[in-house]
Structures are given as structure tokens and as C-alpha cells.
Amino acid sequence: MAVARSTSREDLFSPNLLSSELRRVVPKGFILRPLRRSDYDNGFLETLSHLSEVGDLSRETFESIFDAMQQAGNMYFTIVLEDTATHGVVATGTVVIELKL
């Protein structure tokens, strides 16, 4: 299985994995992209709190979890929808690839 690791430590995974077809259907004023380390400051946790209980997650804990997800390789694919006017995260979703026998 080929590993498509991120080209930077900022992105959770390589943005090249998001197809151009998928990017075309995103409404004007928004971009679809991988979760970034800097999204801690861009409203990711606030957006996530509308879907699930988040609790008081420190930057250190967020970055530790981000690093673990990134190092797992082709397992965690968290995408966000960013409002290009505010640079805030307005939606998020995750696909987890689970290895099974």
C-alpha cells in the first residue's frame, strides 16, 4: 500500500489526495483542504463542538494528537471547509481507514 504522507508538517495529509472533482463542487468563498496544525486557532475545535463534546483541549494536547494522526500514515483523513473571507473552519469531517483481517 502506497503511503501518501503530507508534504509539510502543517497539513495532516497531502492536499493532492483531494480530487479536483471534489474541489470543484465546493461553493465559492470556501476551500476544502486537510486539517492543519494552525486550525487550533482557526475555529476547528469550536466547529467540532457542534458535533461532539470536545472539552478543554490545550494547544499542546491538540498538537500531540495531530502528530500521532499524521505519523499513522494512511489512516486519518480529516478535512475542513474553510471560509476564505474569515479563514475560519466552518465544517469538518474525518475518514478513518481501519485495517481489518
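**Close-up views of a predicted model**

**View 1. Strands E1 and E2 sit side by side, antiparallel.** Helices (H or I, at least four residues) and strands (E, at least two) are DSSP runs, numbered from the N terminus. Across this pairing, Leu 32 stands opposite Leu 81 in E2. This is a predicted model, where local features need pLDDT of at least 70 and side-chain atom pairs count only at pLDDT 80 or more, while totals for chains, interfaces and linings use all residues. Residues are numbered from 1 along each chain as its sequence is written, and side-chain values use heavy atoms, with hydrogens and water left out.

**View 2. E2 also pairs with strand E3 (residues 88-96) in the antiparallel sense.** Here the count is 8 bridges, and Ile 79 stands opposite Gly 93 in E3. E2 and E3 make a hairpin with 4 residues between them, and His 87 in the turn has a positive phi of about 65°. E2 is mostly covered, with 6 of its 8 residues buried; buried means under 20% relative accessible area, exposed over 50%, and partly exposed in between (1.4 Å probe, protein chains only).

**View 3. The largest nonpolar core has 12 residues.** Zoom in on Leu 18: leaving aside neighbours within four places in sequence, Leu 18 is in contact (heavy atoms within 4.5 Å) with Phe 13, Arg 23, Leu 32, Arg 33, Pro 34 and Ile 79.

**View 4. Tyr 40, Phe 44, Phe 62 and Phe 66 form one aromatic cluster.** Rings of Phe, Tyr and Trp (its six-membered ring) pair if their centres lie within 6.5 Å; planes under 30 degrees apart count as stacked, over 60 as edge-to-face and the rest as tilted. By this rule there are 4 aromatic pairs. Tyr 40 and Phe 62 make a tilted one, at 5.4 Å centre to centre and 55° between the planes. Tyr 40 lies in the loop between strand E1 (30-34) and H2, and Phe 62 in helix H3, so the pair ties together parts that are 22 residues apart in sequence. Tyr 40 is partly exposed at 24% relative accessible area, whereas Phe 62 is buried at 5%.

**View 5. Arg 9, Arg 37 and Asp 67 are linked in a network of salt bridges.** A salt bridge needs a side-chain nitrogen of Lys or Arg within 4 Å of a carboxyl oxygen of Asp or Glu. Between Arg 9 and Asp 67, the closest N and O atoms are 3.6 Å apart. Arg 9 is in the segment before helix H1 (20-24) and Asp 67 in helix H3, 58 residues apart. Asp 67 also meets Arg 37, at 2.6 Å from N to O; Arg 37 sits in the loop between E1 and H2, 30 residues from Asp 67. Arg 9 is exposed, at 52% relative accessibility, but Arg 37 is buried, at 14%.

Note on methods. Core = buried A, V, L, I, M, F, W, Y, C linked by side-chain atoms within 4.5 Å. Pairing = 2+ DSSP bridges.
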